[in-house]
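The structure is shown first.

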Amino acid sequence: MIASWLWRRWFGILTLKALVALAVFGLVVAPPDSEQGDAARLLYVHVPAAWIAYLAFFVTALASALYLWPRTRNDSWDHLAGASAEFGVLCTGLTLFLGSVWGKPIWGTWWQWEARLTTTAVLLFLYLGYLALRRLGGVSSQRRNAIAALIAFIDVPIVHFSVSWWTSLHQQGSVFNDKMDVTINDGRMAFTLWLGAGAFTLLFAWCCLGRMRLLGIESKNSELELEAAIAQRTGVPS
Amino acid sequence: MSLASDAVLIAKKDMRIEMRSRIVFAQVLPFGGIVLLLFAFALDTDRGVLPIVAPGLFWVTVTLSALLAVSRSFAIEAEHGALYALRLSGLDGAAIFLGKAAAIVLQLLVLEVVLATGVFVLYDVHVPGEAVLAVASVAVAATVAIAAIGTVYGVLVAGIRARETLVPLLVLPAVTPLLLAASRSFEYAIDNDLSTSLRWGSLVGVIASVCVMVGVVAFGPLLEES
């Protein structure tokens, strides 16, 4: 119990240090971009958030598949799927918000109907639906949730493919051309981006572990409440 | 009984209930009609926007109407414990999926014919003669996909409270690629660019195939959990 608490505390402190380092490197050490200026600093959070969002949805699908597989069926997989999806939705929202804030000065617009942006927006709603389904609970809801997560994950490449095809058939906007591509020609900028990816991965793992623990406690509490209700009704102590 | 005969049995059952209650035709069809009118009011008929955006508006209307049809399809199973009877019937989950999806497809196709007439008349859209077959094929494939997605999500939420509000949240993001592909296919067909229209149409076909496969595999386990 104490070892687990110490380990969680140590992991939390490590995550916090990584995030502070990201803030220092992103805001101070990394130079402003020659074309985008200080707006490029947003990318040190925007890009890692997008990576982790996709990773989180992959983990949700994987944990759901492991829950459905009879040999590996365990409530922990369901808790991991839920925790990961919650973090994924948070990161997707953050990606879209920071993308918009970055897009206004760079593209000249808050929103561009570009493949990755549109796919990310659809993903947000897809997994908001999944989380809404999870929140309803009910008898044997874990299996239902696991199947829903897999269906949502199957939809991800279909959404991406159709949206990419759609945007490629449209004339590209004048503000969205090759010059907008992010080319990293400074070592400090590249390092900060990788630091961001590392810090967000740690944050993802820490949040998932904490949320899994909470979901486990919630689940155990529900079982105890049910047993107590049955014992009260039948008069037989559980 | 074979998979096909089981599916036909379920489809006939759903269609019989619909023919008696006429919920879809008496309520969903007028709903689709009023949505077409609302789009015209919102986009201003004088600016010439409607013929340009008609394919998208048509598929948005079909999707919104499909949500009601799907909700109705599973509402009839929720009454008097019919879902338990369906589970205990011994019918294959895949056959039940195919049957329920087929009934929704039939209802939506009738709806689409009426809505398409409305679009031609109200939005002043002209489809070239050589594009009619392509448009019809894409419409059938897209309808199959919408019905398959709706049936899967319908059974997913069949046994839980607040299903009426959850179905749109689950179905609408899932049908996004389909809506995109079907609208573009119609758009190019109207512009007489048949090759591009068929490229988008083939994407609709692929999506429909994936949706039916997912439904065949997932419906049985989901029915057990509902």
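How are α6(B) and α7(B) oriented to each other, roughly parallel or roughly antiparallel?

## Basis

This is a predicted model, in which local features need pLDDT of at least 70, side-chain atom pairs count only at pLDDT 80 or more, and totals for chains, interfaces and linings use all residues. Residues are numbered from 1 along each chain as its sequence is written, chains are lettered from A and ligands numbered from 1 in the order in which they are written, and side-chain values use heavy atoms, with hydrogens and water left out.

## Helices α6 and α7 of chain B

Helix α6 (residues 132-156) of chain B packs on helix α7 (residues 163-190) of chain B at an angle of about 175°, and their axes are 10 Å apart. Axes are lines fitted to C-alpha atoms, for helices over the stretch in contact, and angles run from 0 to 180 degrees between N-to-C directions. Helices are DSSP runs (H or I, at least four residues), numbered from the N terminus. α6(B) and α7(B) are therefore roughly antiparallel to each other (angles under 35 degrees count as roughly parallel, over 145 as roughly antiparallel, 65 to 115 as roughly perpendicular and the rest as oblique).

Contact means heavy atoms within 4.5 Å. Residues of α6(B) in this contact include Val138(B), Ile146(B) and Tyr153(B), and those of α7(B) include Val171(B), Leu178(B) and Phe186(B). By class, the contact has 17 nonpolar, 2 polar and no charged residues (Ala, Val, Leu, Ile, Met, Phe, Trp, Tyr, Cys and Pro count as nonpolar, Asp, Glu, Lys and Arg as charged, and the others, Gly among them, as polar).

## Helix α1 of chain B

Helix α1 (residues 3-21) of chain B packs against helix α5 (residues 93-123) of chain B at about 45°, with axes 7 Å apart. That angle makes α1(B) oblique to α5(B). Among the residues in contact are Ile10(B) and Met15(B) of α1(B), with Leu98(B) and Leu106(B) of α5(B). The classes here are 12 nonpolar, 2 polar and 5 charged residues.

The axes of α1(B) and helix α3 (residues 50-78) of chain B come within 11 Å and cross at roughly 95°. α1(B) and α3(B) are therefore roughly perpendicular to each other. Lys13(B), Asp14(B), Ile17(B) and Ser21(B) of α1(B) meet Arg72(B), Ser73(B), Ile76(B) and Glu77(B) of α3(B). This contact has 2 nonpolar, 2 polar and 4 charged residues.

## Chains A and B

In chain B, 28 residues are in contact with 29 residues of chain A. Between them the chains bury about 2,500 Å², 75% of it on carbon and sulfur atoms (buried area is the accessible area, with a 1.4 Å probe, that two parts lose on being put together, summed over both).

The count between chain B and chain A is 1 salt bridge (a side-chain nitrogen of Lys or Arg within 4 Å of a carboxyl oxygen of Asp or Glu). The side chains of Glu224(B) and Arg143(A) form a salt bridge at 3.7 Å, N to O.

Note on methods
Helix = DSSP H or I, 4+ residues; strand = E, 2+ residues; numbered from the N terminus.
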